[in-house]
Amino acid sequence: MIRSITLSLLFSFMLIGSVKADTYPGVLFENSILKGNYMYSQVYHDDRSWVENVAGRLPVSDTIFFTPGNSLSLKYLSAEDGSWQTQIMFPKAANDYLPNTADVLTFKLYVVSNMQSATLPRLAVRQRDTISQVLELSNYIDDFRTNMWLDVRVPVKSIGGLLADEAIEGIQLSQGQADTAIQWLYLDQIEFVSANPPRVKLSSPAVLASATAFDRHIDLTWQLPLTPSIRYIKIYRAEDNEHFEPVAVRPVFVQKYTDFVPYPEKTYSYKIAWVDYDYLESPFSDVVEATTHTVSDSTLLEFVQAAHFNYFVERAEINSGMHAIHFGVDDATVSVMETGLSILSHVVGVEHGFISRKAAVDRLKRMVDFLAKVERYHGAFPAKIDGRTGRGIFAVDSVPEADLTATAFLMQGLLVAKQYFGADSGAFSELATKIDTLWHGVEWNKFVLAGQEDILLDRWSPVSGFKSARPMGGFGKDFVGYILALASPSYALQPDAYAKGLGTPKELADSVYVMELADNASFAVDVGDGPQGTLPRYRELPYTTDTTLYGTSVVVGSIDTTLLEAYTPFLAFDPRGKRDTFTNYFTNNVNLTKAAQRRDNERGYGSFSAAIWGSTEIDADSLGTIYGINPAIPSASYAYLPAAALRSIRELYEGYGPVLFTEYGFRKWIAPERNAVASGYDALNQAAVVVMIENGRTGLIWNLFASHPDIQKVIADHFNRE
């Protein structure tokens with residue numbers, strides 16, 4: 001019977017060089033971010049056969065690899081009547097590759113053992129509920145040899161049993177012909193790629209534009225030509241300007257590489273080459289040198305903000321200027337909420353010179369012109385839009401709906417941008433007018449039911465009305481929607497909505513089907529006494545917690561959820577010196593942050609360092625649900641506890657930087673005890689770091705939002721100054 005290797009073993013966190021996982025959607029394995037074992041693999045074997053594993057996962061080799069800086073090690077024994085298999089999976093965040101019969105599954109194979117090809121593993125492809133026909137790996141290697149890298153090429157059209165409309169989850173290698181010897185292979189660069197890619201010869205040298213040094217890392221940029229056969233940029237580093245070693249490959253849609261170096265206060269030399277689809281390299285670039293140096297706290301904050309801002313720069317959808325959900329693929333889907341976060345980050349970027357004022361305004365103009373053409377519903381936008389066509393993208397194509405939460409975050413960003421760029425010359429006046437048109441056009445008071453005008457509902461559809469809506473309210477991101485709905489110059493809610501809607505969170509007491517009947521002309525049913533038919537009944541939930549946690553007084557919020565829930569309402573709204581009916585939110589968030597830090601230290605979520613905190617619950621693929629650290633939490637806490645935040649940022653950078661900090665800032669999470677780290681990023685995380693560090697340093701975004709006349713009205717109506 002096959003058994004799974006259990007994962008109960010905890011081991012120390014192991015670091016490697018600056019290996020990155022941002023890559024093409026068809027790439028199943030390029031590099032492991034972490035040393036030790038590969039997070040997105042699983043090993044199974046029975047008692048007769050065996051596969052080498054580390055805590056149930058394939059070991060990672062950083063000494064033998066095809067593309068820098070590592071490969072997967074597969075050492076196995078295929079016993080008579082035994083069984084083993086190993087799975088290599090896409091990360092969940094990247095699991096969107098659909099089988100294409102014009103592609104090939106290809107990877108590099110290095111055979112260490114003195115073996116025959118017949119004893120190679122068998123290969124299959126896994127989808128969610130199915131597994132393909134099992135193939136003999138040896139049939140797809142033209143010239144089998146040992147002690148060299150071999151090409152394995154499997155046409156997708158030859159893999160029987162694949163479902164055309166279901167994403168591929170990964171591949172499975174399993175026991176083939178029985179053998180008494182232990183066999184050893186390395187696997188690298190596992191990918192689905194076009195069988196006939198561009199093959200223009202790369203005859204011109206690569207161009208390395210700059211190398212900018214900081215404390216422990218060096219940022220590299222290049223000038224990429226429009227040559228379709230370039231697939232990667234390959235980076236070489238030398239400590240003596242003579243013996244260059246490859247340290248990374250980056251896909252062509254990435255414009256920068258952050259290289260963590262072994263030693264501070266040292267000069268490093270770099271050169272790069274373009275790499276084509278056959279992994280042939282162009283002539284090298286000229287060598288560029290840079291010397292790392294110790295940086296001040298201010299400079300540390302500056303480059304941390306710059307890296308997180310770069311996440312938004314490189315994810316600008318080319319047609320609309322909006323924030324693209326997918327990166328490096330031919331998919332123009334944009335996020336309305338994340339565009340609002342991007343706008344806030346762009347304001348900070350201009351203030352610090354991370355991007356020119358002209359470039360930021362040009363992108364903003366593109367966004368606003370695009371938004372003016374998008375189909376809206378009561379002035380509110382869909383959550384997702386096609387950046388090419390301007391059409392909304394919905395769960396059901398025939399049921400369009402407006403998303404009020406996404407619209408609120410977008411409007412928040414636009415109002416801040418108007419206040420920031422409004423001091424410019426007449427060139428901005430037309431854009432300011434267009435922003436006002438969008439802002440004035442949101443009919444906030446249409447997202448309520450007659451008879452329940454104090455309760456915002458988060459979505460509405462011209463087809464199904466409020467069928468999928470939930471009541472907005474409570475301490476969290478809904479704060480943004482209520483502030484803007486109360487501030488609206490054209491369609492404002494009544495002032496009572498602050499206490500009765502936001503301050504009285506609710507959940508449905510009736511069946512969700514009652515929302516189909518509520519204020520919906522599509523359902524001609526009258527089961528209530530009101531003029532619009534039935535009204536939903538709600539259970540009221542407490543807004544305040546009013547408790548003491550770890551020695552601090554907390555009035556609203558909880559440490560049982562991510563602290564970002566407490567920070568998100570105040571990305572733009574300034575909580576300093578303001579008290580509403582419930583609390584002083586600045587003081588409350590200071591205390592909530594202290595309580596969360598003390599809890600995380602006590603439970604050891606950050607290993608053995610008191611500076612590492614910011615726990616978050618993680619659904620980590622095959623690891624299941626675990627707890628790890630979200631670096632955005634302590635970083636964004638700079639607005640409330642600057643000294644503690646700075647210690648955490650520096651420790652995260654210096655201790656975990658090679659695997660955690662990239663050209664896009666900190667990754668989404670890290671779980672040191674499980675040797676696991678996220679492969680991707682999160683727009684809210686990246687924006688929170690940029691914006692809340694800035695609010696802590698200068699108050700820029702807080703001051704801008706508070707300066708808008710419509711927001712000033714809400715502050716005057718609902719907050720007392722302290």
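Two strands are taken to pair if DSSP finds at least two bridges between them. On that basis, strand 3 and strand 7 pair in this predicted model, where five bridges join them in an antiparallel run, and Q42 has Q87 as its bridge partner in strand 7.

- Strand 7 spans residues 84–89 and is mostly covered, since six of its six residues are buried.
- W84, T86 and I88 point one way from strand 7, while Q85, Q87 and M89 point the other way.
- In a regular strand the side chains alternate between the two faces of the sheet.
- Strand 3, comprising residues 41–45, is antiparallel to strand 7.
- Strand 12 (residues 168–174) also pairs with strand 7 in the antiparallel sense, over five bridges.
- Q87 stands opposite Q172 in strand 12, and Q87 is also the bridge partner of Q42.

**Strands 15 and 18**

- Four of the five residues of strand 18 (residues 256–260) are buried, so this strand is largely enclosed by the rest of the structure.
- Strand 18 is paired with strand 15 (residues 217–222) through five bridges, in the antiparallel sense.
- Within this pairing, I218 stands opposite D259 of strand 18.

**The open sheet 17-16-19-20**

- Four strands, in the order 17-16-19-20, form an open sheet with antiparallel pairing.
- Strand 17 (245–251) and strand 20 (288–291) are the edge strands, each pairing on one side only.
- Neighbouring strands of this sheet are turned by 30 degrees against each other on average, direction ignored.
- Strand 16 (residues 230–238) and strand 17 run antiparallel and are joined by six bridges.
- The bridge partner of I233 in strand 17 is R250.

**Packing of helices 1 and 12**

- Helix 1 (residues 297–313) packs against helix 12 at an angle of about 70 degrees, and their axes are 11 Å apart.
- Because angles of 65 to 115 degrees count as roughly perpendicular, helix 1 is roughly perpendicular to helix 12.
- The two helices, helix 1 and helix 12, cross in a left-handed manner.

**Salt bridges**

- The structure contains 30 salt bridges.
- One of them joins R650 to D215, with the closest N and O atoms 3.8 Å apart.
- This pair links distant parts of the chain: R650 lies in helix 12 (residues 642–660) and D215 in the loop between strand 14 (208–213) and strand 15, 435 residues apart.
- R459 belongs to strand 25 (residues 459–460), whereas E401 is in the loop between strand 23 (384–386) and strand 24 (402–403), 58 residues apart.
- R459 and E401 belong to a network of salt bridges that also links D403, D458, R470 and D478.
- The side chains of K500 and D496 meet in a salt bridge of 3.7 Å, N to O.
- K500 has a relative accessible area of 45% and is therefore partly exposed.
- D496, at 42% relative accessibility, likewise counts as partly exposed.

Definitions and conventions. Residues are numbered from 1 along each chain as its sequence is written. This is a predicted model: local features need pLDDT of at least 70, side-chain atom pairs count only at pLDDT 80 or more; totals for chains, interfaces and linings use all residues. Side-chain values use heavy atoms; hydrogens and water are left out. Buried means under 20% relative accessible area, exposed over 50%, partly exposed in between (1.4 Å probe, protein chains only). Axes are lines fitted to C-alpha atoms, for helices over the stretch in contact, and angles run from 0 to 180 degrees between N-to-C directions. A salt bridge is a side-chain nitrogen of Lys or Arg within 4 Å of a carboxyl oxygen of Asp or Glu. Angles under 35 degrees count as roughly parallel, over 145 as roughly antiparallel, 65 to 115 as roughly perpendicular and the rest as oblique. A crossing is left-handed if the near helix is turned anticlockwise from the far one by less than a right angle, and right-handed if clockwise.
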